[in-house]
Amino acid sequence: MSTGLLTLFCAAAFVLVWWLARSRARSIEQANRGQRLHSRPVYHGVYVALLTVIPALLVVVAWAIAEPFYLSKIMSAALPPDVAARPAGEQSLVLLVINSLADGWSRLTAADIAQVREAGPDVQRMLAAKDIFLPSAPEGWMVDIARDVSQAKSVSRLLATGVTVLAAVGGFFYGWRKVATGLRARNLVERMMLLGLMSASAVAIFTTIGIVFSVLFESIHFFSMVPVTDFLFGTVWDPRFSAAGSDSSGQFGVLPLLWGTLYISFFALLVAVPVGLMSAIYMSEYANERVRTVAKPMLEILAGIPTIVYGLFALIAFGPFLRDFGGSLGLDISANSVLTAGIVMGVMIIPFISSLSDDIISAVPQSLRDGSYGLGATQSETIKQVVLPAALPGIVGAVLLAASRAIGETMIVVMAAGIAANLTANPFEQVTTMTVKIVSQLTGDLEFNSPQTLVAFALGLTLFVITLGLNVFALHIVRTYREQYD
Amino acid sequence: MDAAVAEKPARFETVMTPAEPAIMKERKPKIVTEGVTVHYGDKQAIYPLDIKIPDRAVSAFIGPSGCGKSTFLRCINRMNDTIPTARVGGRITIDGEDIYDPALDVVQLRARVGMVFQKPNPFPKSIFDNIAYGPRIHGFARNRTDLEEIVVNSLKRAGLFEEVKDRLESPGTGLSGGQQQRLCIARAIAVNPDVILMDEPCSALDPIATARIEELIDELRENYCIVIVTHSMQQAARVSQLTAFFHLGTLVEVGDTEAMFTNPQERRTQDYIMGRFG
């Protein structure tokens with residue numbers, strides 16, 4: 001049965017159970033000579049339907065999580081001792097072959113299997129024709145294990161189906177018997193709703209935790225090869241992709257990348273903060289309704305332009321322009337430079353600052369402005385001395401949010417600032433950032449256990465810590481000063 | 001009430017009670033208006049309105065909600081300018097000077113006509129900076145000592161100094177509601193105005209804080225022309241010398257407070273004061 005059909009079946013079962021239980025509640029009400037139910041029949045229906053579906057869903061999810069563990073345990077137990085003794089990297093290749101074979105087992109005929117066992121020259125091609133793609137031809141013992149695994153899998157599936165149906169039926173009867181005039185189905189459904197909402201937010205939280213831990217563990221792996229101090233305080237970034245076997249692993253100093261990241265972000269904020277803030281002040285304090293309805297969406301469109309388009313613009317228009325302009329002034333500006341990337345990125349984050357600040361400035365109570373005007377202050381005096389100080393915490397929050405956006409930006413930097421990891425104070429030279437290096441370390445031929453690849457996780461972790469710090473700081477500022485005019 | 005609402009006078013004759021109020025004989029008129037009208041967009045909020053407001057006295061505007069008394073108050077320091085749709089017609093003079101004269105600087109006018117709002121609105125600054133705000137803008141103080149003197153004097157005149165003298169640097173928003181309102185009065189006094197407009201200054205306060213503010217208003221009347229909008233008839237009776245009754249955008253009756261409350265001429269004034277509507 002296909003997944004779509006299964007989903008449809010579940011939905012139909014839900015509606016059916018809901019209808020049945022609702023009717024039962026109604027008939028109970030009538031049988032008790034119109035004695036009122038505690039909850040309306042609809043709630044009884046929902047209650048029983050949820051009791052039917054939720055346990056079954058839980059079984060399915062639990063099974064989906066547990067099954068791979070069980071299968072891989074069977075597989076590792078069956079491996080010949082010489083294979084089991086091999087390092088994890090090679091073992092994973094063997095396990096991959098067995099897994100693929102086991103997955104496609106049902107599509108193979110007895111004759112096919114015999115052919116695989118004989119290990120003829122065309123085995124891989126024959127299997128590929130049946131949608132089984134193997135990195136290398138399987139050996140005879142692998143076929144045996146694959147058969148066992150595939151059998152274990154079908155047993156497990158059968159069992160899963162049985163348990164799921166049992167859970168659904170059990171849940172249904174439990175709920176069915178509880179339907180009565182005194183059942184507080186309304187309150188129970190309320191509680192189940194709460195659980196549903198809680199599990200939705202739990203998904204977000206656990207995803208975050210999962211990402212953090214996976215990055216963390218890979219980083220720890222990296223730091224077992226390259227000392228933390230070399231990474232954090234090294235001033236040279238030169239991760240040689242060494243020939244296999246040679247032990248020259250290169251240098252992984254993060255400082256040039258950190259410097260590039262912060263330097264470009266600094267220029268971006270230098271552009272975005274004044275422009276964004278002033279446009280926000282104009283929009284919220286001076287612009288009339290007609291200007292605002294046109295100008296504000298226009299400004300927000302800036303935020304919707306994909307960053308690659310900004311990068312393109314920087315690469316073919318703004319970079320060369322800046323280079324020629326610098327040339328006419330006698331400055332040696334590289335077409336790819338900190339300045340180019342910073343300015344273009346600044347334009348990109350203007351809408352973040354202006355839009356957020358606009359909302360924050362508009363939220364300053366009119367009574368404060370009235371108070372200031374009533375004392376004979378002009379509009380700009382009022383804005384400078386009353387409105388902006390009152391809105392400052394929110395504005396700082398907006399700026400920090402924009403800053404973390406700038407720090408995480410990749411595409412503009414690749415195209416506008418280059419990929420050379422320089423530690424330079426000259427804004428006219430090329431630099432690069434951590435995000436760019438994460439991309440370049442992970443593209444191309446990969447050997448997953450080398451420091452050259454794993455450094456990407458260490459960079460990711462560093463980036464994460466920086467942006468997290470910024471966000472926490474921003475939240476702290478906003479919280480500390482928020483209540484001032486409430 | 002129905003009769004009062006239905007019968008809208010064709011001409012807006014204001015009844016004087018008595019024909020020549022005693023307070024107007026004792027004090028010279030500070031604010032004089034002739035045929036003032038206010039429109040919000042297409043809606044007329046105030047019909048041609050003439051009134052003389054005496055100097056060094058408290059004048060109270062009373063009337064049911066939406067009768068235009070706050071709108072009229074906001075004309076006197078041109079706060080209606082900040083509302084884009086508002087249009088003001090007619091003539092308002094303070095000490096004989098037309099305040100809607102295009103040559104007049106609104107900012108200077110508002111320094112002369114201070115305003116205290118319905119809800120206390122201290123700035124999110126320290127108590128000291130709240131008071132110093134106006135003097136700083138207008139450059140009243142030549143140095144820090146001058147400024148401190150202005151701040152202390154204003155706080156003393158607003159009767160707040162004793163309560164806050166040890167914490168002038170703490171935020172003004174941390175004070176109680178009544179203290180905040182007195183802070184706002186001190187802030188208005190600090191720019192040395194001639195007129196102080198108060199828009200329901202006690203409506204957000206408890207009775208004790210209200211009594212304290214009323215006491216303060218009574219003291220301030222020695223030196224300022226005070227105009228107060230209030231919903232409380234008792235308050236008008238307690239603090240004011242002149243009372244003006246507004247209804248549906250017209251000034252119905254104006255006169256000595258005592259006469260207005262004991263012997264109103266207009267039936268609508270009677271009904272309102274007796275609590276029959278509003």
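K30(B), D95(B), E97(B), R112(B) and D194(B) are joined in a network of salt bridges, a salt bridge being a side-chain nitrogen of Lys or Arg within 4 Å of a carboxyl oxygen of Asp or Glu. The model is predicted: local features need pLDDT of at least 70, side-chain atom pairs count only at pLDDT 80 or more, and totals for chains, interfaces and linings use all residues. Residues are numbered from 1 along each chain as its sequence is written, chains are lettered from A in the order in which they are written, and side-chain values use heavy atoms, with hydrogens and water left out.

Over all chains the count is 28 salt bridges. In one of them, R238(B) meets E214(B) at 2.7 Å, N to O. R238(B) lies in helix α10 (residues 233-239) of chain B and E214(B) in helix α9 (residues 207-220) of chain B, so the pair ties together parts 24 residues apart in sequence; helices here are DSSP runs of H or I, at least four residues, numbered from the N terminus. R238(B) is exposed at 52% relative accessibility, while E214(B) is buried at 8%. Buried means under 20% relative accessible area, exposed over 50%, and partly exposed in between (1.4 Å probe, protein chains only).

Between chain A and chain B the count is 0 salt bridges. Yet 17 residues of chain A are in contact with 23 residues of chain B, contact meaning heavy atoms within 4.5 Å. The two chains bury about 1,700 Å² between them, 62% of it on carbon and sulfur atoms; this is the accessible area (1.4 Å probe) that two parts lose on being put together, summed over both.

Terms used: Helix = DSSP H or I, 4+ residues; strand = E, 2+ residues; numbered from the N terminus.
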